[in-house]
Amino acid sequence: MDRPLRLISSNPVDRLARTIEALLVVASQPLSLEELAAAADDDTERVETALGLIGDRYREGRSGIVLEHVAGGWAFRAATEAAEACGRLFERPIERGLSPAALETLAIVAYLGPCTRPDIARLRGVAADGVVASLLERGLLAEAGRDDEGGAVRYRVTPLFERVFGLESLSALPRLDDLGEDAEDLRERLEAVAAQRPA
Amino acid sequence: MVVRELELDLDAFEGPFDLLLTLVLKQELEPAEVDVATIVLAFLERLAERDELDLDACGEFLVLVAALLELKARGLFEFDDETLDELDPEEAAEELARRLAEYRRIRAAAAWLSERLEEESGRYFRLGPAPLAPRTARRVAPQDPALFADALRRLAAEPPSVSLAHMALRFPPVAEFLGRFRALLARRRRFDFDTEVQGLSRAEAAVAFLALLELRKSGEIELDQASPFAPIRVARPERPEEEEKEWIARSA
């Protein structure tokens, strides 16, 4: 007769945790709490408890697989201590060679998106066509409808962007107002530079 | 120092400054693609290599770069031109500072992303090709069996038969008109088609016209119409007898 192994408890939450582990292993993208609950046919609160159990089991230093909350969902990734070995096995084509222009474009779309190519060009001061095309190809940007006025295509960042940058969601980005200097500071600096210059 | 020969190495262009300007003026290079800041840096580096300040070169460079900047700005701010023109210098300076500040924040955000990417470089995860979408079961609201039975009963009832009377188009045979026109031509040398079909239905007139075409094809009649929609004149050709006479004459 098949008997459960002694280490595996028959506690219902434990059983749910095993189901969720299985779902996360077969999924190709992070699964939200609701998606997990629907697939496991259980309620979200219990799924959350089960995720707590799994998170404890799969964490850095304890397992080669780590559970993470990323891109609005839950997913498994490799532990960082295995990064070198993973690097020998895989390339990282998505984020390899992201130029400063690409990062600026991503920042604009992540903070101000959905926005159009002309919006991006206006902020960066150079045409954005090539950069946007390459980011679309890498799957970091996606189309998000058309502009009401001009009919230009609007873009948004994808869940893959959040995953690559390890963000739980876009709200994990630092506030834009806290970055850079504000207009007043900049003006004072411009004036200071002008004053220092010999007549 | 010759400003026009300043060697540039930009994303969009590589070569001397004057060639860049020529390409922009000939509209073979989009000014929006040109990173002006890099050009200025290249010039400043070249300037720093020399001990003395070459004022002529600086002046020339300023004029050229200002022209390039204006072209680029016009290209990038097509829609804002009028509003910018309306601003007084103080407001324009404010606007410039505001835009620069906005861009600085974006650059800072890009720098933050870059650092984040560096920090997260040890994260490896699986990327599958097919996105999975666990479907939530659609729950149907409780239904009344009586309503279902009623719907079935209505479906099972014999539908009323639809009358097709309006679709019946009775066409008289073409032969009827063939005979009629032949008889007419035996009596008269020519007649007016429109007069003959007057008072007939559209379908009958159409069949009469088919008969006319049939007779024309076999060479029994000649048709003549002065202009589109003018009355069609039908005539019996005189040929058979005349031709016969000609043939006789020639063979004689």
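This briefing walks through a predicted model, starting with chain A and ending with chain B. Because the model is predicted, local features need pLDDT of at least 70 and side-chain atom pairs count only at pLDDT 80 or more, while totals for chains, interfaces and linings use all residues. Residues are numbered from 1 along each chain as its sequence is written, and chains are lettered from A and ligands numbered from 1 in the order in which they are written.

**Chain A overall**

- Chain A has 9 helices and 5 strands; helices (H or I, at least four residues) and strands (E, at least two) are DSSP runs, numbered from the N terminus.
- Starting at the N terminus, the order of elements is α-α-α-β-β-α-α-β-α-α-β-β-α-α.
- Of the 199 residues in chain A, 29% are buried (20 or more other C-beta atoms within 10 Å of the residue's own, with C-beta atoms placed from the backbone).
- Among contacts (C-beta atoms, placed from the backbone, within 7 Å) in chain A between residues at least 6 apart in sequence, 51% join residues at least 24 apart.

- Helix 1 (residues 12-26) and helix 3 (residues 44-57) of chain A pack at about 75°, with axes 9 Å apart; axes are lines fitted to C-alpha atoms, for helices over the stretch in contact, and angles run from 0 to 180 degrees between N-to-C directions.
- Helix 1 and helix 3 of chain A are therefore roughly perpendicular (65 to 115 degrees).
- Residues making this contact include A:Val13, A:Leu16 and A:Ile20 of helix 1 and A:Val47, A:Leu51 and A:Ile54 of helix 3 of chain A.
- The residues of this contact divide into 9 nonpolar, 1 polar and 2 charged; Ala, Val, Leu, Ile, Met, Phe, Trp, Tyr, Cys and Pro count as nonpolar, Asp, Glu, Lys and Arg as charged, and the others, Gly among them, as polar.
- In helix 2 (residues 33-40) of chain A, the buried residues are A:Glu35, A:Leu36, A:Ala37, A:Ala39 and A:Ala40, and they pack against helix 1, helix 3 and strand 2 (73-78) of chain A.
- After helix 2 of chain A comes A:Asp41, with a positive phi near 55°.

**Where chain A meets chain B**

- Helix 5 (residues 100-112) of chain A packs with helix 5 (residues 89-119) of chain B at about 110°, with axes 8 Å apart.
- Among the residues in contact are A:Leu103 and A:Tyr111 of chain A and B:Ile106 and B:Leu113 of chain B.

**Helix 1 of chain B**

- In helix 1 (residues 17-25) of chain B, B:Phe17, B:Leu20 and B:Val24 are buried.
- B:Gln27 follows helix 1 of chain B, and its phi is positive, near 60°.

Note on methods:
A residue is buried if 20 or more other C-beta atoms lie within 10 Å of its own, exposed if 12 or fewer, and partly exposed in between; C-beta atoms are placed from the backbone. Two residues are in contact if their C-beta atoms, placed from the backbone, lie within 7 Å. Angles under 35 degrees count as roughly parallel, over 145 as roughly antiparallel, 65 to 115 as roughly perpendicular and the rest as oblique.
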